[in-house]
Amino acid sequence: MAKLYLVPTPIGNLEDITLRAIRVLKEVDFILAEDTRTSGKLLKHFEINTPMQSHHMHNEHRTVENIVRRIKNGETFALISDAGTPAISDPGFLLTRECVNEGIEVDCLPGATAFVPALVNSGFPNDKFVFEGFLPPKKGRQTRFKILAEETRTIIFYESPHKLKKTLTSFMEYFGEDRLVSVSREITKLHEETIRGTAKEVLEYYTNKPPKGEIVIVVNGKA
């Protein structure tokens with residue numbers, strides 16, 4: 001029986017792709033891509049000519065059954081997201097779960113993901129941590145903050161630039177304005193930066209300098 005590969009792709013710097021990832025993407029029968037236009041640029045850069053088909057959050061509920069059937073019939077698939085490791089705040093969980101349930105081999109390659117360098121760069125304890133991904137947009141947001149206010153482990157969030165100041169303001173309200181925060185932006189890209197300080201200090205920085213690009217927030221746990 002064929003298998004499903006989960007293949008991490010660079011989050012910015014194209015040099016971060018692994019030799020194994022390139023080989024697998026060339027050898028599989030099909031590549032499932034979150035956005036075929038974005039992935040098409042990556043594949044062209046590395047001279048990968050494997051056929052692609054779309055697999056994203058809006059269609060994955062409809063496509064999983066067909067993909068599983070095709071794998072059972074002998075086709076091998078690789079799943080990639082626009083950037084980073086599939087299923088980490090990206091499509092991939094539903095297909096992986098169904099393959100596991102159907103006895104199909106799943107092989108997740110190691111590789112790029114944004115939260116690991118952000119965590120290590122923060123200088124906060126990383127022997128134990130909590131990955132929260134993206135916060136709920138509205139409903140449930142306050143509930144999460146109330147729960148996480150008592151969390152003693154380091155906490156990691158993904159956030160969009162236009163919500164960063166709102167989230168930092170919530171940190172001040174629920175965690176306290178002196179809670180230490182590290183914000184990593186545009187990791188591996190040309191304008192990469194990490195800003196560390198109290199929630200109040202980091203909010204002041206981004207109030208004066210509106211953020212752009214992909215953002216990872218790391219929050220020190222409650223003492």
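Analyst: Two strands pair if DSSP finds at least two bridges between them. The model is predicted.

User: In which sense do strand 2 and strand 4 pair?

Analyst: Strand 2 covers residues 30-33 and strand 4 covers residues 77-80. Isoleucine 31 stands opposite alanine 78 in strand 4. Four bridges join the two strands, and their sense is parallel.

User: Why is one side of strand 3 and of strand 5 left without a neighbour in the sheet?

Analyst: The open sheet has five strands with parallel pairing, in the order 3-2-4-1-5. Strand 3 (52-54) and strand 5 (105-108) therefore stand at its edges, each with a single partner strand.

User: Which strands of that sheet does helix 4 touch?

Analyst: Neighbouring strands of this sheet are turned by 25° against each other on average, direction ignored. Helix 4 packs on the sheet, and its direction makes about 150° with that of strand 1 (3-6). The strands touched by helix 4 are strand 1, strand 2, strand 4 and strand 5.

User: How do the residues between helix 3 and helix 4 divide into nonpolar, polar and charged?

Analyst: Helix 3 (residues 60-72) and helix 4 (residues 93-101) pack at about 35°, with axes 10 Å apart, and the crossing is right-handed. From helix 3, Glu60, His61, Val64, Ile67, Val68 and Ile71 meet Leu94, Leu95, Glu98 and Cys99 of helix 4. The division of this contact is seven nonpolar, one polar and two charged.

User: What is the order of the open sheet with mixed pairing, and which strands stand at its edges?

Analyst: This open sheet has five strands in the order 6-7-10-8-9. One side of each edge strand is left without a neighbour in the sheet, because each has a single partner strand; the edges are strand 6 (129-134) and strand 9 (193-198).

User: Which residue is the bridge partner of arginine 185?

Analyst: Strand 8 (residues 180-185) and strand 10 (residues 215-219) pair in the antiparallel sense over five bridges. In strand 10, the partner of arginine 185 is isoleucine 215.

User: What angle does helix 7 make with strand 10?

Analyst: Helix 7 (residues 164-174) packs on the sheet and touches strand 7 (154-159), strand 8 and strand 10. Its direction and that of strand 10 make an angle of about 5°.

User: Is arginine 141 buried or exposed?

Analyst: Arginine 141 lies in helix 6 (residues 141-148). Beyond its neighbours within four places in sequence, arginine 141 is in contact with Leu135, Pro136, Glu159, Lys166 and Thr167. Its relative accessibility is 6%, and the cut-off is under 20%, so arginine 141 counts as buried.

How values were computed:
Residues numbered from 1 in each chain as written. Predicted model: local features only at pLDDT ≥ 70, side-chain atom pairs only at ≥ 80, totals over all residues. Heavy atoms only, no water. Buried < 20%, exposed > 50% of the residue type's maximum accessible area, 1.4 Å probe, protein only. Contact = heavy atoms within 4.5 Å. Axes fitted to C-alpha atoms, helices over the stretch in contact; angles between N-to-C directions. Left-handed = near helix turned anticlockwise from the far one by under 90°. Nonpolar A, V, L, I, M, F, W, Y, C, P; charged D, E, K, R; others polar.
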